[in-house]
Structure formats: structure tokens, C-alpha cells
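Student: I'd like to learn how to read a structure like this one, feature by feature. Can you walk me through it?

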Amino acid sequence: MENVRRVISVLVENESSVLSRISGLFAGRGYNIETLTVAPVPNSNLSHITIVTKGSARVLEQITKQLHKLVPVYKVIEHDEMVEKEMVLVKFPIEESLADIEALCAAYNGGIVNVGVNICIGMVADEPCRVRHFLEATQRYNPIEIVRGGVVAIER
Amino acid sequence: MKMNGAQMVCEALIAEGVKTVFGYPGGAIMNVYDEIYKQDGFEHILNRHEQASVHAADGYARATGDVGVAMVTSGPGFTNAVTGLATAYMDSIPMVVISGQVPLSLIGTDGFQEIDAVGISRPCTKHNYLVRELSELPRIMKEAFHIARTGRPGPVLVDIPKDITAEFGEFVYPESVDIPSFKPTVKGNKRQIEKAIEAILKAKKPLLYIGGGVTLSDSSDLVRKIAEMGQIPAVETLMARGVMGAKNPLLQGMLGMHGNYSSNMAMSETDLVISLGARFDDRVTGKLSEFAKYADIIHVDIDPANIGKLVDVDYPIVGDLANVLEKFIEGLEGKIKPERYTDWREVLERYDNLHPQSYVDSDKVIKPQWAIERIGELLGEQAIITSDVGQHQMWAAQHYPFDRPRQWINSGGLGTMGFGFPAALGAKKAFPEKTVVNITGDGSILMNVQELVTAAEYKIPVINIILNNHFLGMVRQWQTFFYEERYSETDLSFQPNFKALAEACHGIGYDVTTKAEFDAAIKDAIEKDKVAFINVQVARFENVLPMVPAAGALYNMMLPKKEDNTKGEK
């Protein structure tokens, strides 16, 4: 069966070891994690976990069902109609053209967020495939370091 | 009421109706043991190894359907308990295990006897807790029992740091549980049930595929009723032996790797599999692409993750079996016609006559299959039979005339050698009036042999029948078939004097080489009412047959020979 990419949101009880239950489930059953982000949901005792995974239809179905079985898991959303964003930070040498970098970041919903003595840092937040294009485009400005934030998604 | 955490643990156990706790004390759990000393709400059985404590609690749970309880200390006490947790997890057994933990202030410092119990047990428990505040303790105890027994049952670990059991606080045991994220689906979907009923009525060759879930949900009467109504043939998994009753003509037998011919052929030729609380284990299905190739599949299970995990299901129904089966019966009543399946039943009968479950008996040596059948003749329906893991387990499953669910207790999913003896202790504690026999092998029995002392001390007279072939028999069988008879590390000829070993531990022992001695030993062991080892010399090279080689199609079975196959007998 063909592997499909899937974005899954998991709403969990915000308690210690809940992340290890989720990551352990993926590791133990051999499921793939491409990205994973976690943050508390405002004004609640829940956390929102966004997982990007890949697998056959059978595996994706199992992932959802196995997640549901974990006691602290409230809700599992397999995203279909969603807005999906990923943030990335890139550190460039100060010798590169700041105007060019600024324009590049702006094209991908971002900008320069920090300038130091030797470096400048660009930030963008966009669809994962556009983030990939952005990173390709940055290559000509000799990026020193790239940090991707992992995907967050919300159903439309 | 004000009390310390240790008292709270005891009060919670009493409130849950716990009668027996199996355990072993140690540093981190001492506060709780101090309170156990002072109370008389439940009995504590001191096993001689934590693994045995957990298996005993498991055996108790399997025999009764209640939640089994075991208690261990931190570090090695807990790690010894892990095999027991995993065994219960794989077979969905309701259990609460309480472990001591180092004080909160020492957690994460590599303290003496510190180990991350919650981390280690996460993949082999249904859920687990590390208690971080005394105020949480009553709620966590309540939730642990609720989770263990609700939905698909399973073991729950409660890990309690030592300072929490010493601390004083207000104790109010919650009346009810509120876990919004844990609400198993009990009622089956009405539409799906209707469609499944229609499929049953339309099928020409339906087959009931009965799994351990029927035993766990105590719904065997309903299953029998459906089978009777339509005269629908049935096959049982290893975990479901006893559900239909050995004498039931609709029961084909056990299916799978060591299933009988008509059961495996029934599964290969059926046009509608009615799966009830079974999970399509690889030991059942053989090669998946050939499994029930011509059939649509109805799958009823309390755990949605079991549905569609290995095979595509046409009629998925998530729900409690008892609930769904009642709806099935309502829907089938008056509509189902047993005559419709007459041809199908005749086909299966011909298969059974062609290759019945059989073995060739011998005058020279006791055949293990004979021994099992003989135990069945002598003890039959009234006994509880536990087993360890290996050839003896399969022979017991094939040849013992199980008549009711919960009569047969074995480690199916994990396949834990050393399970049978402590599990028998648990079953006997639950049903002291019943004869409890552990059918075991010369390999398995040594894996929890220290329980002789426990059984003798507490006068729990279980009978261990060791089918002794001086081999790690099942592995030896595979070496014979698939490794050109290279018997790598499976020869167990060097072994203890089992009779003397039992007697050294204040039990009673028998050495048996003839059929007459076999009968006499069983009768005497029951009369003496002591923990017993009956060491039976059996045919060394006997194989468990039929056998579907791993990953082979179910219909490709190695069948028993019609003549004697006691090859290499000395």
C-alpha cells in the first residue's frame, strides 16, 4: 500500500508523561513521526499535539485508533480541510545582502527578526511545502544554521 | 477521615472489595505493608518472587473475572513484576499492581532501588500512574480499578513514592469516576448490527470465530444461543476454549497453528466469518492473504483498534459483546433457518471424519495426549486447568474437554513460561473447593518453582502435572521440523529430582512412568490435599500436530501420522 502524509492533531490531558505515552506509542508500534509539536491550549488543562506522519491507509487508521486508546487522549483529529503552517528560523552571515534576505523572507510571510554583529536571523511561517521552497532559495545566501519548528494545523 | 497514604491504599483496596493481595515487601513499599499488618479487610499472600505475585493475581482475575491485585516494591521488585504485567496486558486481564517508589525528593537521582516504573511499564499496561501528591491518591486508586475493568480490560500500575505513603491527609474515597477522555463504546452501532444480521441470514457457510473476549465479557451463554438458533458451526481460539463446551457438536475445535483439520478448513472455506472478541492473531490466521479468503467478515470487538488491524472487515461493530449479541439474537429470532446451513455442516463433518484430532497411543510409554485426556476423564468439568507454555499447553488446549469458560487459564498472547503454577495459586485462592491442576513441562515448571514454598505455607494444594520429555519440547519440535534436528540447547536431560524437590518444599511428589501410576498419583494428590508435583515421563519426541508452519496458509497442515511416531524412544 502506498504511503500517505497525514497531519494529526491530538488533544491530551496536560499531565506529566503524556508526551512519552504518545512518542512511545509511535516508537513501539513502528509508526513514523516527521514532525511533532506540543503546546498547552489556553484556558484549559489540555495540550495540543500536532503530529505529521506517513503511512499506508491501514497504518494511519491504526495510529488514530491507538492514540484514542491512550487514557489521557481526549480527541484525535485527522486533518483534511486545514490550514497548516510551519515556522523556520535561519541564521545568515551579516556579509549577505540584508535587503535580499528581507525580500526573500517577506515573500514567505516572514522577515528579518534579529540582526547582530556577525549574523542576521530570518523567520518565515508558511505551508510546509513553501517552507521547503524558501529553504532552497536561502541556499545562495550561505545560511549558517536552520531550525524548523514543526507543523501546526487547524481545521478550516 | 485523616490517615496516611499507606492506610489510604488499604482502605481503597477494601472499598474495591479486594479479598486477596499477592505480593512481596521491600524498602519503598514498607509503609503499606505496615498497614497491611494492622488490617484484616483482605488477606495477603507472600509469593517467593514478584513475578509469581503478579501471575497469581492474574490467575485470580482469570478465574473470577474480578480485578486481581499484586503489590511489589520499587526497583527490582517492580522489574520482576514486568513480565506479569506484560502477560496480563497481552491477554486483556483486569489487574491493579501497586509498586513502591523511592521518595519524591530522590526521583531522578539514581537512588537506591530507583527505576522509572511508569516509563518501563508504559507499553505493557493499559494505563499507569506515578502518584505525585497524596491528595491524588484516592482518585488514582479509584480510576485504576475502573480502567482495569472497563472496556477492554487490562493491567494498571500505580507507582507510589515512599514519602506519600507516610504522609497524613484527609481520605475520602470517590463514589464515581470521571475521566472524560476514557469512555469506551459499549453499545454497538444499530445500522451495522442490522447489516451484519442480514449478512448472516444471506450466508451459506457462516462460521463463528470465538475469541478470548467472549470469556472476558462472560457472554458465552449468548454465543451458545446464537450457535444453537442457527446451528452455526463454531471454532475457538486458544483463549476461548470452554466457551462452546467440548461436547457441543457445533464446535469444530481450536483453529490456528495447532488447530484441528476441520476448524482450519472451516476457516479456509467459510463465506462469512462472525468474529466475536477475537483479534486475528498471527498464530490463528497463518498466511493472511489466504486466511478466510472466500469470506466476508463481521468483527465485533470492544476495542476499535482491533478492527481492521490485520484483515479488512466488511461489518465492523465496536461494542460490548454481551450488548451486541443480545441484539443479534433479537434480529435473528424467527428468521434464521438452521436447514440453510445443513450442507455446510455436513462438509465440516466429513472433514472431521477425514482427519480427526488424533494421536497414536502406546503401551510402552505414556503419550502426553493420553495424559491430558486422562486428566479430563478423571476431573472433567469441575477442575480448573492452568498451563505453562509449550507443547503441553497445546496438547491441553487440543485434548482437554473444556466445558465452560474460565476453566482454562493460560498465557496466550505473551506465551510466558512460568505462568501456570502461580496462576494456579491465584485460581485456587478464588475457588478453594475446586481441584486446580497446572499442566506443565519440565522446562516451564522451573521458571517459578519457588512457588512450592508459597503453596505449602498457605496450604494452597494445586497439582502440577509435569509432562516430562526431558526437552524444551516446542523448540525441539521446531528444530526437528525446520532446523534439521540440530537440538541446540533444548536437551533438558539434566534436571532435578522433581519428587524430592516438591517434598523438600513441604509438598508431595510422584514419579510416574505407567498409566496405572498416573491414575494413582492424581487420586492420591487430591486426597492428600497438598501442593503436588506429578512427574510424568512421556514420549520424548512426540510432536504437537496438526501444525501449520509459521506464515503458511491454514489449509496447509502437517497432520498426525496414523501409525506410532515415537521416534528415537529409549
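Student: Is B:Ser92 buried or exposed, and what is its relative accessible area?

Tutor: Start with the cut-offs: buried means under 20% relative accessible area, exposed means over 50%, and partly exposed is in between, using a 1.4 Å probe and protein chains only. B:Ser92 has a relative accessible area of 5%, so it counts as buried. One caution before we go on: this is a predicted model, where local features need pLDDT of at least 70, side-chain atom pairs count only at pLDDT 80 or more, and totals for chains, interfaces and linings use all residues. For bookkeeping, residues are numbered from 1 along each chain as its sequence is written, chains are lettered from A and ligands numbered from 1 in the order in which they are written, and side-chain values use heavy atoms, with hydrogens and water left out.

Student: Where is B:Ser92 found, and what does it touch?

Tutor: Helices (H or I, at least four residues) and strands (E, at least two) are DSSP runs, numbered from the N terminus. B:Ser92 is in the loop between α4 (76–90) and β5 (95–101) of chain B. Contact means heavy atoms within 4.5 Å. Leaving out residues up to four places away in sequence, B:Ser92 touches B:Arg152, B:Pro153, B:Gly154 and B:Leu216.

Student: With which side chain does the side chain of B:Ser92 make a polar contact?

Tutor: A polar contact is a pair of N or O atoms within 3.5 Å; within protein, one must be able to donate a hydrogen and the other to accept it, and residues adjacent in sequence count only if both atoms are side-chain atoms. Here the partner is the side chain of B:Arg152, at 2.9 Å.

Student: Now strands. Why is β9 of chain B said to be largely enclosed?

Tutor: Strand β9 (residues 206–210) of chain B has 5 of its 5 residues buried, so the rest of the structure largely encloses it. Look at both faces: B:Pro206, B:Leu208 and B:Ile210 are buried on one side, and B:Leu207 and B:Tyr209 on the other.

Student: Which strands does β9(B) pair with?

Tutor: Strands of a sheet pair through backbone hydrogen bonds, either parallel or antiparallel. The rule for pairing is that DSSP finds at least two bridges between the two strands. β9(B) pairs in the parallel sense with strand β12 (residues 272–276) of chain B over 5 bridges, and B:Tyr209 stands opposite B:Ser275 there. β9(B) also runs parallel to strand β10 (residues 234–236) of chain B, with 3 bridges; B:Ile210 stands opposite B:Glu236 in that pair.

Student: What packs against β9(B) from a helix?

Tutor: An α-helix has 3.6 residues a turn, so residues three or four places apart point the same way. In helix α10 (residues 220–230) of chain B, the buried residues include B:Leu222, B:Val223, B:Ile226 and B:Met229. The buried residues of α10(B) pack against β9, and also against α9 (212–216), β12, α13 (321–332) and α14 (342–354) of chain B. Just after α10(B), B:Gln231 takes a positive phi of about 50°.
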